[in-house]
Amino acid sequence: MAKASFCFKLKQAGREFITEAEFDTGPAFKKRADIVSLDEGICYEILHTETEAKFSKKLLDYPLKVVPIKAEDFLGTLRR
């Protein structure tokens, strides 16, 4: 739900984006970002149950800047 809601906000802002974008960083290392804003060149990762260590690894593995979005924080702003 958080990913779809965030995508809707990007669309409302006129942003071009793709979801589940795959980065080919080597023969056995495909990385997948939740959302990539093509206009900004930013990966948005929706964090729900992901550990801090797993997210920190993405900062090193992804070829673009990675911005975390906590699902519970984002969904909380929509309910207000």
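Modeller: Happy to; we will go from the overall fold to the sheet and then to one residue. Keep in mind that this is a predicted model.

Colleague: Which helices and strands follow one another along the sequence?

Modeller: Start by listing the elements: this chain has three helices and four strands. Read along the sequence, they give the pattern α-β-β-β-α-β-α.

Colleague: In what order do the strands lie in the sheet?

Modeller: Sheet order is read across the strands. Here the four strands form an open sheet in the order 1-2-3-4, with mixed pairing. Strand 1 and strand 4 are the edges, each pairing on one side only. On average, neighbouring strands are turned by 45° against each other, direction ignored.

Colleague: How many bridges join strand 3 to strand 4?

Modeller: Six bridges join them, and the two strands run parallel. As one example to look up, cysteine 43 stands opposite valine 66 in strand 4. Helix 2 (residues 52–61) packs on this sheet, touching strand 2, strand 3 and strand 4. The direction of helix 2 makes about 155° with that of strand 4.

Colleague: What about burial: how many of the 80 residues count as buried?

Modeller: The cut-off for buried is under 20% relative accessible area. By that rule, 36% of the 80 residues are buried.

Terms used
Residues are numbered from 1 along each chain as its sequence is written. This is a predicted model: local features need pLDDT of at least 70, side-chain atom pairs count only at pLDDT 80 or more; totals for chains, interfaces and linings use all residues. Side-chain values use heavy atoms; hydrogens and water are left out. Buried means under 20% relative accessible area, exposed over 50%, partly exposed in between (1.4 Å probe, protein chains only). Two strands pair if DSSP finds at least two bridges between them. Axes are lines fitted to C-alpha atoms, for helices over the stretch in contact, and angles run from 0 to 180 degrees between N-to-C directions. Contact means heavy atoms within 4.5 Å.
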